[in-house]
Amino acid sequence: YAAMTVEQIRATILRVLSEVAPNADVSDVNPNVSFHDQFEIDSIDFLRLMTSLEKELQVTILDFDYPKLSTLQGCEDYLRPQLAA
């Protein structure tokens, strides 16, 4: 993968989120509020989001880091260093 911009990372996260939670309105996401609180996704959906992001972006997300990725901002902050290489 070539280095990704913040905008590309965000777009990918939101696209994957909309695939995992089709009823979520990702056009109006608050980057600092958890996906669970905004879209009522359960732990299974969240796990699918994490594994889908790993596949899509070809990165490793350690399970003990999952709490860091509970928000859009958290996902961006976690993924940006891995995707900037």
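Six salt bridges turn up in a search of the whole structure. The model is a predicted one. Three residues, R15, E19 and E56, are joined in a salt-bridge network. The largest nonpolar core holds 28 residues.

**The salt-bridge network**
- R15 pairs with E56, and their closest N and O atoms lie 2.6 Å apart.
- This pair connects distant parts of the chain: R15 sits in helix α1 and E56 in helix α3, 41 residues apart.
- R15 also pairs with E19, with 3.4 Å between the closest N and O atoms.
- Both R15 and E19 belong to helix α1, four residues apart, which is about one turn of the helix.
- R15 has a relative accessible area of 35%, so it counts as partly exposed.
- E19 is partly exposed at 49% relative accessibility.
- E56 is partly exposed too, at 28%.

- D65 forms a salt bridge with K68, where the closest N and O atoms are 3.1 Å apart.
- D65 is buried, with 7% relative accessibility.
- K68 is exposed, with a relative accessible area of 51%.

**The nonpolar core**
- F35, L49, M50, L53, I61 and L79 have the most contacts inside the largest core.
- Helix α1 provides the largest share, six residues.
- Leaving aside residues up to four places away in sequence, I61 touches M50, L53, E54, Y66, L69, Y78 and L79.

Methods: Residues are numbered from 1 along each chain as its sequence is written. This is a predicted model: local features need pLDDT of at least 70, side-chain atom pairs count only at pLDDT 80 or more; totals for chains, interfaces and linings use all residues. Side-chain values use heavy atoms; hydrogens and water are left out. A nonpolar core is a set of buried Ala, Val, Leu, Ile, Met, Phe, Trp, Tyr and Cys residues joined through side-chain atoms within 4.5 Å. Buried means under 20% relative accessible area, exposed over 50%, partly exposed in between (1.4 Å probe, protein chains only). Helices (H or I, at least four residues) and strands (E, at least two) are DSSP runs, numbered from the N terminus. Contact means heavy atoms within 4.5 Å. A salt bridge is a side-chain nitrogen of Lys or Arg within 4 Å of a carboxyl oxygen of Asp or Glu.
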